[in-house]
Every structure is written in C-alpha cells, then in structure tokens.
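Here is my notebook page on some helices. Have the model open beside you as you read along.

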Amino acid sequence: CMTVTGCAGSVKKGTKYLEEKDYKNAEVEFQDAVDKKKNLGEAYRGLGLCYWEQKKYEKAEKALEKALKNGTEETATLYNILGICDLELDKPEKAVYYYYRSLSLEPYNPWTMAEIGMCYYDLRMYDEAVVWFNRALCHDKNCTAAAMGEFMCCLQSGNVAGAQRFLPLCEPEEVNAYVESEEFEDISAAMKTDDGAGKPKS
C-alpha cells in the first residue's frame, strides 16, 4: 500500500486509516478533504488507493486520474495501478498507455513489461505481446507473469512444444486458472479440430 506523506488534517488521518487497512474510515477522511478542497492531489490519491485496495477499480481509476490532474506526484507505481484498473475493467488500450507511462519512470521493470505484453495479448496482437514478454524475461528470467504470457501466446499459435518449455517458469495457480478458462477450452477445441482435419479415420 502506498503512503501519503506531509499532509495535514483529513488527509493525514485518512493516510493513517489507509495504513491500518481501515478503508471505510480512510474513505470518509479523504472524501472530507476533497469536499473541503484541501490538498486535492493527495486527497484524491488516498481516495483512489482506498478504492483500489477494495477492488473498486472504476472508482479507483477516476480518483487517481483526478489526483494526477491536481498535482500529485507521478510515480511508476501510481501508473501501474491505473494500468491494472483498466485491465480489470477490460480496457487494454487505455491500460497500455498507463503501463508505458510507468515504464518511462522505471525503464527496466520486467513486471511492467509483462503487463504491457498482457495488454497486447488482450488486444489479440500476439506478436507484439511476445516481444514484451521476451523483454521482461531478458531482464528477469524469473518473471512468472512474462512466462505465463509466453505460455498463452504459444498455445494461441498452436505451438504446444513451445508452451511446455515455459510451463516450469509459470505459477501453478495461474496455469490452473487458465486451463479452467473458456479461452483454453476454445483453443483445445480448435487444436482437436486441426488435428482431425484431413486425416483418414482409422
């Protein structure tokens, strides 16, 4: 959880509640600061983080965008959170913009590179996605998010051997969740159809 420092009154109280994971009281304090137009950048930032921690992605995105408009410090983490919000809201085009902003502040962050890859994957731009997953793995061979992206891209292109090569680098929970997804069922069905095409029945 990010902290907000150097603030007075409601923002300071809200920050304390946020650090204690008391999101309801934190929300009240940050909203109070917003209503009084006190330290707006930090107040919106705190409000956005409260929503983010509660997985209220749409509200988080709006508050954090207002925080940036009102002069809160631009950080890679803040842009990363905005990118995640947009991916969760199924807006990969917007998410990729925020991830690029994040990467401009932390140019060698492999996890952000992997997130950019996931945006392109969601946009069905698989070649571009692979470029970013490769970059991420060049910077950190243990970047499980990038390995998972490579695994998924290989399956999309029907390259099962390639997918198996990345499997040991992936988080088992992520692989299991993906294998249970509709997307994986569709890929499996397509592969079975392709395998059967043009082959004589025995």
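What span should the 13 residues of helix H4 have, and how far apart are its end C-alpha atoms? At 1.5 Å a residue, H4 (residues 57-69) should span 18 Å, and its end C-alpha atoms are 18 Å apart, so the two agree. The expected span is 1.5 Å times one less than the number of residues. Helices here are DSSP runs of H or I with at least four residues, numbered from the N terminus.

I noted that this is a predicted model, where local features need pLDDT of at least 70, side-chain atom pairs count only at pLDDT 80 or more, and totals for chains, interfaces and linings use all residues. Residues are numbered from 1 along each chain as its sequence is written, and side-chain values use heavy atoms, with hydrogens and water left out.

**H4.** I looked up its buried residues (under 20% relative accessible area, 1.4 Å probe, protein chains only). Among them are Tyr57, Ala60, Leu64 and Leu68. The buried residues of H4 pack against helix H3 (40-53), helix H5 (76-88) and helix H6 (92-105), where contact means heavy atoms within 4.5 Å. Gly71, with a positive phi near 90 degrees, follows H4.

**H2.** I ran the span check again: the 13 residues of helix H2 (residues 23-35) should span 18 Å at 1.5 Å a residue, and the end C-alpha atoms are 18 Å apart, which agrees. Buried residues of H2 include Tyr23, Phe30 and Val34. The buried residues of H2 pack against helix H1 (9-19) and H3. Lys37 follows H2, and its phi is positive, near 55 degrees.

How values were computed
Helix = DSSP H or I, 4+ residues; strand = E, 2+ residues; numbered from the N terminus. Buried < 20%, exposed > 50% of the residue type's maximum accessible area, 1.4 Å probe, protein only.
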